[in-house]
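Here are my notes for a colleague opening this structure for the first time. Please keep the model in view while reading.

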Amino acid sequence: MSALAAPSGPAGPAGPAGPSSGASRADLVADAALALLAERGMRGLTHRAVDEAAGLPQGSTSNVARTRQALLELTVRRLADREARVLALHEMPDPRAGLDALVDALALATHRALTRNRALTLARYELALEATRRPELRAHFDAAGARFREQLGALVTAMGSDAPARHVLSLVAWADGLMFSCVAGTFHAEVPGLPDVRAGLRELLDGMLGDSCRGVRGDLRGGSPGGRIPLA
């Protein structure tokens, strides 16, 4: 079974977003499904295969998710939870920390998705493609992604963005393009290091938020320089 579904330490800036040791039966099923998607693709995802990959008695997956659609929806929800741990938006810096702090935080999140959580990213692409063929799955996939987009929108707005929707689209498109190219595309053998990811994000964010971010720092001068901003 892939390392994607192997127990690991708590997620954070330096850790992968693996399943926790106290995972529920539904989470064990979904984690095994994500591992199978990364290893075998959509055709390898069956109830029987999930039972075997999770080390569960035959029929366990059917008890948790009776239909294939239910299994896919369960897997999408688990994907969203685990990717939230990879991205760790709740740990993003206060706007007063400046653009460099934002670049550092987003670069770490992107690099984690490219390296320690590469299989999880690959599973996401399998589910994204399946969602293009299943309108009922599309709604669940889009809802899971909306949580990240809304948090990112709140963050760039707090940093002084005058066009948060456009800036979020550009950031997501840049990160998705980099991850697809390096996980499944022509750059799969040339994963960039953290300094390169940071440099690319710095170029992008400086063009978006450079002037406005400096304005935010000026407006907030005199406040506490540290802390976090709530992005619920």
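1. Of the protein's 232 residues, 45% are buried (under 20% relative accessible area, with exposed over 50% and partly exposed in between; 1.4 Å probe, protein chains only). This is a predicted model, where local features need pLDDT of at least 70, side-chain atom pairs count only at pLDDT 80 or more, and totals for chains, interfaces and linings use all residues. Residues are numbered from 1 along each chain as its sequence is written, and side-chain values use heavy atoms, leaving out hydrogens and water.

2. The protein has 9 helices and 0 strands (DSSP runs numbered from the N terminus: helices are H or I, at least four residues; strands are E, at least two).

3. Look at α5, residues 99-114. Its 16 residues reach 22 Å from first C-alpha to last, close to the 22 Å expected (1.5 Å times one less than the number of residues). Because 12 of its 16 residues are buried, α5 is largely enclosed by the rest of the structure. Among them are L99, L102, H111 and R112.

4. The largest nonpolar core holds 52 residues (buried Ala, Val, Leu, Ile, Met, Phe, Trp, Tyr and Cys joined through side-chain atoms within 4.5 Å). L102 and L205 are among those with the most contacts inside it. Helices supplying at least two core residues each include α1, α5 and α9. The largest share, 8 residues, comes from α5.

5. Which residues does L205 contact, leaving aside neighbours within four places in sequence? They are L99, L102, V103, L106, L171 and G210 (contact: heavy atoms within 4.5 Å).
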